[in-house]
Amino acid sequence: MQKMKYSYLLTLLMYSSWLMASVSPAAFVPKHLHAGYTAQIDTTKIPAFFETYPKFKPYEAQVKLLYKKYGNHTWYDQKGLIEFTFVLYKQVQQIRDEGVPLTIPYEMEFIKIFEKGASTVPNLQTELLISCMYFFYTSKVFTGFTIGKSQETGWYLHRELSNTADLDSLMQVISLKKEFKHEYFSQYYPLKESLKKYLEIQRNGGWKPVQLEKGIKSLQSSDSSLTVQQIRTRLFVEGYINQDSGSLIFDQSVSDAITAYGTAQNHDFNNKITPRLIEMLNISVQSRIKTISVNMERCRWINPKINAAQEYIAVNIPSFRLLYFREGKPLLTSKVVVGKEFHKTIVFSGSISYIAFSPYWNVPSSILKKEILPKIKKNPNYLKNQNMEWHNGQVRQKPGGSNALGLVKFMFPNSHNIYLHDSPSKSFFNMDKRAFSHGCVRVEKARDLAIAIMEKQANWNSSKVDAAMHLGKENTYVLENKIPVYIAYFTAWADGSGNIAFYDDLYNRDNALAAVLFQN
């Protein structure tokens, strides 16, 4: 099984309107507005409808705007309901496949309309129900939660509102292809395929918990145990073993399956059955479905234009990884250390404008007050011992090998005071969970990243970069072409080859998102 691809860190532009900007409303007029068809509805009765169907109340303003735009024309033509409505209804029935675990409100009403034969005569209740169905579907599947809701879950990437009342472009596509599609950030599609797999596993009963037999700390090749049998069955259900023989022996097939599972999860289990492996395998299929669904929702918040971006740096917080993309392909991958629970790394975007070599570390006021000043009080020589000094009323650490920022930092000015930087504490990069910083992102391959950027921007070689990093005094290089940086938060990532990795929900953000997604 191929190693998980990290193209996931493409992440992070603002989400814009899902409609094609190049198609104007006048470019297409739905057929039922032609040929003198004049059926209209009485819009003065719209408020009463929402009193009867209060679950659709959030869409009242959009419904009114829709009929104002189209001159009160209806979803009917001379033959009855137009074909668009049937395509829409079919998509609504499959909404769970889009990672939206909801059923449409007043479902029985729609069954009566579309499955028991609707009248060809325009009907106000049917008309408004379909309009609400349209806005329900497009808001949930195309756009996702409102900006306010996404920010409640720690997502501060800029987003733009979409105009789902503009039907022209969408109806043009449907009339030609008989499909109801939308372009998403590229990760959406492999996640959707993975969701199908796990929904099918759920329909077949899911998987049973695995238990490590009492007194056993781990199992390895050739061992025999009921635990091995349970592991074999568990990995068979998820597709990592082709056949479940029921054997209790830790044989090559189990070994290969554990290796494949570990590769997919970016985790090395050292060819052993351990408590950590069992802990991961015992996460229920329902929980996996929830995780995939919330990450599909996050994909809706990202502008699909990023799919064609040529150069950017992206960090996925839960996977502790950075990728530098150039010409659409990953040029460099590095482990990172991110903010600990009390100093969460923020999800946002910016652009690297300059690189500081052999940098000073200007100690933030919060760290100075809570950490440095108490240490100075206990030890008057603390600043000297730490190669620090007072400067303009603040404390800073002088350049050098012990500097907290290492030998280089990558600056993208932002209100969160977050940036990428080197680190003298290399041992942290060897740990599985790397959340130790005060919010900034420590990059294991900071030197390699600096070389890659400076080779392109200034034609520097590695020797010139090394010289700048070890100069002993801060020196900066302003980039001629700024490089976008995106800080993302994805707890599931699929590679398009059937593999999906699940990462620990470091900041406990999935549950907050799932609470709205699953209960809305």
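Student: I'd like to start with two helices: is the crossing of α15 and α16 left-handed or right-handed?

Tutor: The crossing of α15 and α16 is right-handed. A crossing is left-handed if the near helix is turned anticlockwise from the far one by less than a right angle, and right-handed if clockwise. The names come from DSSP runs, numbered from the N terminus: helices are H or I with at least four residues, strands are E with at least two. Keep in mind that this is a predicted model, where local features need pLDDT of at least 70, side-chain atom pairs count only at pLDDT 80 or more, and totals for chains, interfaces and linings use all residues. Residues are numbered from 1 along each chain as its sequence is written, and side-chain values use heavy atoms, leaving out hydrogens and water.

Student: What is the mean pLDDT of the protein chain?

Tutor: First the term: pLDDT is the predictor's confidence in each residue, from 0 to 100. Here the mean is 81, and 82% of the residues reach 70 or more. Over residues 156–166, though, the pLDDT is below 50, with 47 contacts (heavy atoms within 4.5 Å) beyond near neighbours in sequence. Residues 169–178 also have pLDDT below 50, and that stretch has 25 such contacts in the model. Where pLDDT is low, the predicted coordinates should not be read in detail.

Student: Back to the helices. At what angle do α15 and α16 pack?

Tutor: Two packed helices are described by the angle between their axes and the distance between the axes. Axes are lines fitted to C-alpha atoms, for helices over the stretch in contact, and angles run from 0 to 180 degrees between N-to-C directions. Helix α15 (residues 446–458) and helix α16 (residues 462–469) pack at about 125°, with axes 9 Å apart. That makes α15 oblique to α16. The cut-offs are under 35 degrees for roughly parallel, over 145 for roughly antiparallel, 65 to 115 for roughly perpendicular, and oblique for the rest.

Student: Which residues of α15 and α16 meet?

Tutor: Arg447, Ala450, Ile451 and Met454 in α15 meet Ser462, Val465, Asp466 and Met469 in α16. By class, this contact has 5 nonpolar, 1 polar and 2 charged residues. Ala, Val, Leu, Ile, Met, Phe, Trp, Tyr, Cys and Pro count as nonpolar, Asp, Glu, Lys and Arg as charged, and the others, Gly among them, as polar.

Student: How do α8 and α12 pack?

Tutor: Helix α8 (residues 188–203) and helix α12 (residues 285–299) have axes 9 Å apart and an angle of about 160°. That makes α8 roughly antiparallel to α12. The crossing is left-handed. Among the residues that meet are Leu191 and Tyr198 in α8, and Ile289 and Met296 in α12. The contact divides into 11 nonpolar, 5 polar and 2 charged residues.

Student: Now the strands. In what order do β7, β8 and β9 form a sheet?

Tutor: Strands of a sheet pair through backbone hydrogen bonds, either parallel or antiparallel. Two strands pair if DSSP finds at least two bridges between them. Here the order is β7-β9-β8 in an open sheet with antiparallel pairing. The edge strands, β7 (361–362) and β8 (388–391), each pair on one side only. β8 and β9 (residues 394–397) pair over 4 bridges. Trp390 stands opposite Val395, and Met388 opposite Gln397. In the hairpin of β8 and β9, with 2 residues between the strands, Asn392 takes a positive phi near 50°.

Student: Which helix lies across β7, β8 and β9?

Tutor: That is helix α13 (residues 365–378), which runs at about 120° to β8.
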